[in-house]
Amino acid sequence: MNYNEKVNILKGYIRFSNEIDTLEEMKVSFDTCGRIELLKSEQKKIISSIYDVKDDNERNVLLRKYVLGHELIDIAEKIGVSERQVSRIHSKAINDIIFY
């Protein structure tokens, strides 16, 4: 799996959250409940893959970016490094993450 494919999977976490919220607000049919469960299952796989990343800094950057929706500059401020360093950590994390 290449770098961009991995990033797209991670970006799915927030997309799934938004879709789940929309579907739950609409109080929709039984078929849609199945869709919500599928999206939640995909989110669990993403989270599991992030938590399996061995390096604490890499895992932290992935969680902040793809689960909490923070920008790299905001992550840099929170963890006390430059945006460029966060970008390097992010790139290494994407290369290291394994999706099941």
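Reader: How many salt bridges does the structure hold?

Author: The structure holds four salt bridges. This is a predicted model, in which local features need pLDDT of at least 70 and side-chain atom pairs count only at pLDDT 80 or more, while totals for chains, interfaces and linings use all residues. Residues are numbered from 1 along each chain as its sequence is written, and side-chain values use heavy atoms, with hydrogens and water left out.

Reader: What makes Lys-45 and Glu-42 a salt bridge?

Author: A salt bridge needs a side-chain nitrogen of Lys or Arg within 4 Å of a carboxyl oxygen of Asp or Glu. For Lys-45 and Glu-42 the N to O distance is 3.3 Å, so the pair meets the definition. Both residues lie in helix H2, three residues apart, about one turn of the helix. Helices here are DSSP runs (H or I, at least four residues), numbered from the N terminus.

Reader: Why is Glu-58 called buried?

Author: Buried means under 20% relative accessible area, exposed means over 50%, and partly exposed is in between (1.4 Å probe, protein chains only). Glu-58 has 4%, so Glu-58 counts as buried.

Reader: What does Glu-58 touch?

Author: Contact means heavy atoms within 4.5 Å. Leaving aside neighbours within four places in sequence, Glu-58 is in contact with Val-53, Ile-89, Lys-92, Ala-93 and Asp-96.

Reader: How do you know that Glu-58, Lys-92 and Asp-96 belong to one network?

Author: Lys-92 also meets Asp-96 in a salt bridge, at 2.7 Å from N to O. Salt bridges that share partners join Glu-58, Lys-92 and Asp-96 into one network. Lys-92 and Asp-96 are four residues apart in helix H5, so about one helical turn separates them. Asp-96 has a relative accessible area of 36%, so Asp-96 is partly exposed.

Reader: How do you know that the span of helix H3 agrees with what it should be?

Author: The expected span is 1.5 Å times one less than the number of residues. With 12 residues (56-67), helix H3 should span 16 Å, and its end C-alpha atoms are 15 Å apart, which agrees. At the N-terminal end, Asp-55 caps H3, with a side-chain oxygen 3.0 Å from the backbone nitrogen of Asn-57. Just after H3, Gly-69 takes a positive phi of about 80°.

Reader: What makes a set of residues a nonpolar core?

Author: A nonpolar core is a set of buried Ala, Val, Leu, Ile, Met, Phe, Trp, Tyr and Cys residues joined through side-chain atoms within 4.5 Å. The largest one has 18 residues, of which Leu-10, Ile-46, Ile-50, Leu-62, Tyr-66, Ile-94 and Ile-97 touch the most other members. Helices H1 (3-26), H2 (30-51), H3 and H5 (83-96) each give two or more residues to this core. H1 gives the most, with six residues. A second, separate core of six residues includes Ile-75, Ala-76, Val-86 and Ile-89.

Reader: Which residues does Ile-50 touch?

Author: Not counting residues up to four places away in sequence, Ile-50 touches Leu-10, Arg-59, Leu-62, Leu-63, Val-67 and Ile-97.

Terms used
A polar contact is a pair of N or O atoms within 3.5 Å; within protein, one must be able to donate a hydrogen and the other to accept it, and residues adjacent in sequence count only if both atoms are side-chain atoms.
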